[in-house]
Amino acid sequence: MLSLRSRRALFPYLLLLPGLAWLIAFFLVPVLTQSYVSLESGNLEQGFQFNWAWHTYSDAISNYGDQFGRSFLYAGIATVIALIISFPLAYYIAFRSRRKNLLLLLIILPFFTSYLVRTIAWQTILSDDGFVVNTLQSLGVLGPDGRLLATRTAVIAGITYNFLPFMALPLYVSLEKIDRRLIEAATDLYASRFAAFRKVTVPLALPGIFAGSLLTFIPAVGDFINAQFLGTSRQYMIGNVIQSKFLVTTDYPTAAALSFMLMGVILLAVFAYAKALGARNLTEAAV
Amino acid sequence: MPEQNRELELFFEQVAEGRVSRRQLIRRLGAAGLTMSSAGTLLAACGGVKGTDKGGAVKKTATHPKVAVKQLNFSNWPLYMDPKRKVLKEWSQANGGAHVRYVEEINDLDEFFGKVRQQLQRGESLNRDLVVLTDWMAARWVRGGWVEPVDKANVPNEKNLQPGLRHPVWDPNRSFSLPWQSGMSAIAYNPKKTGRKLHSINDLFDPKFKGHVTMLSDPHDSAGLMVLLAGKKTEDAKLDDVLAGIQKIDQQNKKGQIRRFTGNDYTTDLAKGNAWVSVVYSGDVFQLRKDVPGIQFIIPDEGALLWTDNMMMPQKPPHPYAAETMMNFVYEPPIAAQLAAAINYVTPVVGAQQAMEKVDPTLVHNQLVFPDPATRAKLHPYVTLTAAEERQMNDAMTKVTGA
């Protein structure tokens with residue numbers, strides 16, 4: 001029989017149990033097995049042997065550096081565009097709108113259809129004989145031989161579109177939480193509306209900006225659907241390589257090594273980003 | 001010594017494929033001035049036969065007693081059966097209502113192989129009676145000894161097999177396999193977009209079509225066509241010819257000539273007008289013609305590729321006799337005609353053409369389903385490569401396709 005005190009002490013762990021079990025089964029175990037796989041060498045037909053094959057990592061970098069760079073570039077651009085679109089949108093919904101719920105629903109609505117279907121729909125919208133391209137051509141924005149589909153523009157636009165709600169919703173939440181009286185106080189103290197926005201609203205929205213950019217950027221870096229359907233092989237991202245290494249060429253060690261490097265670089269990028277925004281400000285603002 | 005390594009590798013593959021006996025192996029290694037012990041280390045170092053060498057000749061015949069047929073586990077590609085599965089139902093009726101578990105699980109050969117490889121290498125049953133594999137993958141399974149021989153007494157209709165398909169290099173007497181369908185990899189184009197008739201593989205690289213050409217990402221198809229374009233026959237081609245072909249594709253891709261490398265999904269690009277010229281599989285052309293009226297399928301002057309997908313029993317099939325009755329059943333000419341009319345690939349069954357009169361008379365003289373001798377003369381098989389060369393080819397191609 002446990003004493004009351006030790007039962008109390010155990011209780012938090014009991015609450016953590018489902019989450020921990022989930023992390024162990026679906027994160028820790030795969031990470032360990034994949035790190036083992038990444039150091040194997042061989043091929044599917046003759047089997048793989050574990051032999052500390054560190055060279056897989058350096059080979060992967062030299063062979064797929066382009067796709068790595070492209071992934072971060074595209075995801076970065078898409079995140080910035082998503083922020084530029086989402087901030088006014090979230091601001092309007094949080095401060096000005098009387099139909100908050102309807103507008104929020106409209107943001108989430110596309111999520112009721114599958115990611116794949118939405119992306120393939122863009123193939124139709126952007127196709128060479130489609131309405132969009134024809135209009136842009138008649139306006140002279142696109143040359144007569146110009147196209148949208150199978151270009152870098154289409155891939156970045158696709159990523160932005162697909163991840164926009166991940167940016168808009170956290171932004172909305174942090175803007176909605178802002179105590180209006182703080183902004184009133186700022187204007188009472190002779191701050192212009194712009195100064196109040198810059199010195200009060202934006203700093204208080206930082207946690208939302210931070211969360212939104214991470215929720216957009218991280219999955220976007222590893223995305224392969226947009227590049228596959230809206231791009232060409234010249235726009236392929238690291239996700240395409242990993243996908244194809246796992247499923248098409250069945251080069252499991254390289255695929256695993258690439259996944260680890262991707263994870264590592266993302267972690268570094270996130271730390272750097274948190275540092276730049278000032279992690280202390282973030283936690284303080286969130287409280 | 002790359003040249004010597006390659007020879008050694010080829011030689012070990014012959015061993016693995018059973019074309020060289022162990023005694024010959026030792027004799028040849030001895031002639032090469034190697035002692036027994038160094039031969040052992042060489043074998044181990046090469047790792048070339050691990051997991052493929054079953055320590056002796058693989059059995060090439062089997063006897064499967066006639067038993068009551070209750071069930072058949074059949075794994076096939078999507079869209080490779082008539083849509084209402086009448087053929088399966090008729091087989092089931094002919095076999096006392098036996099149940100067919102028909103699974104369309106083979107989307108990509110490497111992917112499927114990756115899924116079952118470990119079971120194959122452990123010598124376990126896949127719990128599948130029939131799988132349908134394209135020549136080069138079928139060859140890999142035969143090489144690995146992962147297939148059950150066909151009891152020919154149970155497949156008398158094998159006599160209806162096209163003579164040209166009877167002796168593939170990888171299974172000279174069809175001991176393990178029987179063709180399901182053949183198909184052509186060639187070129188389709190949209191004349192409204194190209195503005196002219198096409199007749200050559202080189203038309204893929206016409207600068208006027210820049211950004212509107214798609215090629216298949218499978219190097220067997222795309223690089224195979226490049227070999228033909230270079231004026232070589234795929235029958236005589238070597239790895240170097242294939243790699244040169246891939247290099248040619250790379251140059252064109254870097255110029256922006258090629259819009260995308262695709263699997264079967266080129267059909268969308270052709271249908272939407274994004275692609276004007278595409279490397280295609282013959283069986284897709286029928287559907288394409290419905291989507292894009294006027295689309296043209298050509299067998300270029302330089303020739304095209306003819307491949308075959310083969311029915312095979314993976315090792316330790318649970319219902320081998322049932323599988324053999326199915327093989328026999330689809331080699332009945334009327335059934336073969338019914339299948340060919342539904343899926344539009346090239347049937348390997350002699351007599352299906354006559355039987356087609358009753359099924360769909362419009363198809364009897366269709367070159368896509370029943371190529372005549374003049375057409376057949378322009379069709380060539382995939383380039384035959386060893387397993388190691390196959391990997392080199394795939395590596396080179398994936399560098400071009402960007403993944």
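Between chain A and chain B the count is two salt bridges, a salt bridge being a side-chain nitrogen of Lys or Arg within 4 Å of a carboxyl oxygen of Asp or Glu. The structure is a predicted model, in which local features need pLDDT of at least 70 and side-chain atom pairs count only at pLDDT 80 or more, while totals for chains, interfaces and linings use all residues. Residues are numbered from 1 along each chain as its sequence is written, chains are lettered from A and ligands numbered from 1 in the order in which they are written, and side-chain values use heavy atoms, with hydrogens and water left out.

### The interface

The size of an interface is often given as the accessible area lost when the parts come together. Chain A and chain B bury about 2800 Å² between them, and 43% of this is on carbon and sulfur atoms; buried area here is the accessible area (1.4 Å probe) that two parts lose on being put together, summed over both. In terms of contacts (heavy atoms within 4.5 Å), 32 residues of chain A meet 35 residues of chain B. A salt bridge joins the side chains of Arg259(B) and Asp128(A), at 2.9 Å from N to O.

### The two chains

Helices (H or I, at least four residues) and strands (E, at least two) are DSSP runs, numbered from the N terminus. Chain A comes to 12 helices and two strands, and its elements run α-β-β-α-α-α-α-α-α-α-α-α-α-α from the N terminus on. The C-alpha trace of chain A spans about 80 × 75 × 35 Å along its principal axes. Chain B has 16 helices and 11 strands.

A residue is buried under 20% relative accessible area, exposed over 50%, and partly exposed in between (1.4 Å probe, protein chains only). By this scale, 42% of the 287 residues of chain A are buried, and in chain B buried residues make up 58% of the 403 residues. Among contacts with a separation of 6 or more, residues 24 or more positions apart account for 69% in chain A and for 75% in chain B.

### Aromatic rings

Over all chains, the structure holds 27 aromatic pairs. Rings of Phe, Tyr and Trp (its six-membered ring) pair if their centres lie within 6.5 Å; planes under 30 degrees apart count as stacked, over 60 as edge-to-face and the rest as tilted. Phe68(A) and Phe72(A) are stacked, because their ring centres are 6.5 Å apart and their planes stand at 10 degrees. Both residues lie in helix H2 (residues 55-96) of chain A, four residues apart, about one turn of the helix, and both are buried. Phe72(A) also pairs with Phe217(A); these centres are 6.0 Å apart and the planes are at 50 degrees, so the pair is tilted. This second pair links distant parts of the chain, since Phe217(A) belongs to helix H8 (residues 193-221), 145 residues from Phe72(A) in helix H2. Phe217(A) is buried, at 16% relative accessible area.

In chain B, ring pairs link Phe74(B), Tyr80(B), Tyr102(B), Trp180(B), Tyr281(B), Trp307(B) and Tyr345(B) into a cluster.

The whole structure has 18 salt bridges over all chains.

| Salt bridge | N to O distance |
|---|---|
| Arg128(B) and Glu105(B) | 2.5 Å |
| Asp110(B) and Arg140(B) | 3.9 Å |
| Arg122(B) and Glu124(B) | 2.9 Å |

Arg128(B) is buried at 14% relative accessibility, and Glu105(B) is buried at 16%. Glu105(B), Lys115(B) and Arg128(B) are linked in a network of salt bridges. Asp110(B) is buried, with a relative accessible area of 11%, as is Arg140(B) at 8%. The charged end of Arg140(B) also sits over the ring of Phe113(B), 4.9 Å from its centre; this requires NZ of Lys or CZ of Arg within 6 Å of the ring centre and within 35 degrees of the ring normal. By contrast, Arg122(B) is exposed at 54%, and Glu124(B) is partly exposed at 32%.
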